[in-house]
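Hi,

Here is the structure I said I would pass on.

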Amino acid sequence: MSKIHVTTTVNGDTVEFLADPRETLLDCLRDKLGLTGSKEGCGTGDCGACSVTVDGVLVSSCLVLGVEAQGKSVTTIEGMDKDGELHPLQRHFVEKAALQCGFCTPGFLVAAKALLDKNPDPTETEVRYWLAGNLCRCTGYDKIVRAVMDAAAEMRG
Amino acid sequence: MRYHTPATFADAATIAASAQGVTRFLAGGTDVLVQLRAGSVLPDDLIDLKHIPEVHSITRTADGGWRIGVAVSGASLGANKDLVADWPGVVEGMELVGSTQVQGRATLTGNLCNGSPAADSVPGLIAAGATVTVTGPSGTRDVAVQDIPKGPGKTNLKAGEVISALTLPARGKNAGDAYLRFIPRTEMDIAVVGVAVSLRLDGDKVAEARVALGAVAPTVLLSDACAKAIVGTTLDAKALDALGAAASGECNPISDKRGTKEFRIEVAGVLARRAAKIAYDRAKGAKA
């Protein structure tokens, strides 16, 4: 099985890795690049814990092959803060206790940021539908939705 | 597994035709990768179609229809306002597939080729009269969407054949379409029943109609009986009752964890009536 050389951009940095074509982008991010913020919950695109963006589009990185990232621009949870300063979404998640075990949190944050990049003023219903593919077994979702709404309000100024 | 990135559909077909083992084409990957990781389908050759230039584009055809590339995602489809205005039923079917994350990758053509009788985008395409272009080792041919599914997980495509484009006809005037599905929750589920209706009006009367039923038989059905029940009517109560009865009569469903046979037969009639009313209102100018 020959591996394929992949050059891609992750959180603004050019990176290279060798991927078996069966390996997912999630495996490559975690095991080759050490970016373990993206989690594998289900591995079948149902839970959203592995959410990243590829060329600005929100996807489940468990449903993308590492070799498909060639020439693309990937952003992960590791690219969300600015030099250690939390993104408003991250801060509101902490302040509103929108997480308990934290396993789903990176996926929720990446997905929520993708929503606010597209729609800075979503309704609660829009937030709930957008995040329907991010599963959380701890919080019951209400605190997550409130944190997203409050972060959106703060970011609109 | 060998990973191929052909630059043309002819090359993709050639690779597939000469492959010895299991072959899969990769577009959005939302079914192929799940099967690969579950070990249910382990391709020897995986042919990624996304390096073929035209696969990402949505273009108007010369006659006013639409040509949709095989890697156009649900998210891209929904972002095309002119397409949504022409074929809201087709787009709303696709947008019901999976989550926001899945929408970023999943494609109409992939949903069709996965061969699920419950595929949410397929009834809308069949009701619309959509066709696909099939490229094989000996050239291309156009096939109606309803002739692609063969049974659960199976299509009528031959070895070495690949769908290279999907075409929606021109919408024309006084026409509308709609898709409704039943699931026991509001989001993130697979259709228990799905019904698509596309119709054209002449004044207040239905002049043409196509009705497709999903998840009630081994393949998505195009129902002539349903169309006959409403053509020539103003979609009054009597016509809607006839449509509901025709839709229920077409069903040949299984009972499974999502719903019993009896439930599916009942719900198909209910959804057919409701979808026809939405399509009728849209033909009268209601916005999706």
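Before the helix packing, a word on terms: axes are lines fitted to C-alpha atoms, for helices over the stretch in contact, and angles run from 0 to 180 degrees between N-to-C directions. Helices (H or I, at least four residues) and strands (E, at least two) are DSSP runs, numbered from the N terminus. This is a predicted model, in which local features need pLDDT of at least 70 and side-chain atom pairs count only at pLDDT 80 or more, while totals for chains, interfaces and linings use all residues. Residues are numbered from 1 along each chain as its sequence is written, with chains lettered from A and ligands numbered from 1 in the order in which they are written.

Let me start with helix 10 (residues 237-250) and helix 11 of chain B. They pack at an angle of about 140°, and their axes are 7 Å apart. That makes helix 10 of chain B oblique to helix 11 of chain B (angles under 35 degrees count as roughly parallel, over 145 as roughly antiparallel, 65 to 115 as roughly perpendicular and the rest as oblique). The crossing of helix 10 of chain B past helix 11 of chain B is right-handed; a crossing is left-handed if the near helix is turned anticlockwise from the far one by less than a right angle, and right-handed if clockwise.

Among the residues making this contact are B:Leu240, B:Leu243 and B:Ala247 from helix 10 of chain B, and B:Ile265, B:Val270 and B:Ala276 from helix 11 of chain B. Contact here means that the C-beta atoms of two residues, placed from the backbone, lie within 7 Å. By class, the contact of helix 10 with helix 11 of chain B has nine nonpolar, three polar and two charged residues. For those classes, Ala, Val, Leu, Ile, Met, Phe, Trp, Tyr, Cys and Pro count as nonpolar, Asp, Glu, Lys and Arg as charged, and the others, Gly among them, as polar.

Helix 11 of chain B has 23 residues and spans 33 Å from its first C-alpha to its last, close to the 33 Å expected at 1.5 Å a residue (the expected span is 1.5 Å times one less than the number of residues). Just after helix 11 of chain B comes B:Gly285, with a positive phi of about 115°.

Now the sheets. In chain B, four strands form an open antiparallel sheet in the order 11-12-13-14; two strands pair if DSSP finds at least two bridges between them. Its edges are strand 11 (175-182) and strand 14 (221-222) of chain B, each pairing on one side only. Nine bridges link strand 12 (residues 193-202) and strand 13 (residues 205-214) of chain B in the antiparallel sense, and B:Leu201 has B:Val206 in strand 13 of chain B as its bridge partner. Helix 5 (residues 88-95) of chain B packs on this sheet, touching strand 11 and strand 12 of chain B. Helix 11 (residues 261-283) of chain B packs there too, touching strand 11, strand 12 and strand 13 of chain B, and its direction makes about 35° with that of strand 12 of chain B.

Chain B also has an open antiparallel sheet of five strands, in the order 4-5-10-6-7. Strand 4 (58-60) and strand 7 (139-144) of chain B are its edge strands, and neighbouring strands of this sheet are turned by 25° against each other on average, direction ignored. Strand 6 (residues 131-136) and strand 7 of chain B pair in the antiparallel sense over six bridges, with B:Val143 in strand 7 of chain B the bridge partner of B:Val132.

There is parallel pairing as well: strand 3 of chain B is joined to strand 1 (residues 2-4) of chain B by three bridges and to strand 2 (residues 23-26) of chain B by four. B:Leu46 in strand 3 of chain B is the bridge partner of B:Tyr3 and also of B:Arg24.

What do the two chains share? In the contact between them, 20 residues of chain B meet 21 residues of chain A. Helix 2 of chain B gives the most to the side of chain B that touches chain A, with four residues.

In chain A, strand 3 (residues 51-54) and strand 4 (residues 57-60) pair in the antiparallel sense over four bridges. They form a hairpin with two residues between them, and A:Asp55 in the turn has a positive phi of about 50°.

Cheers
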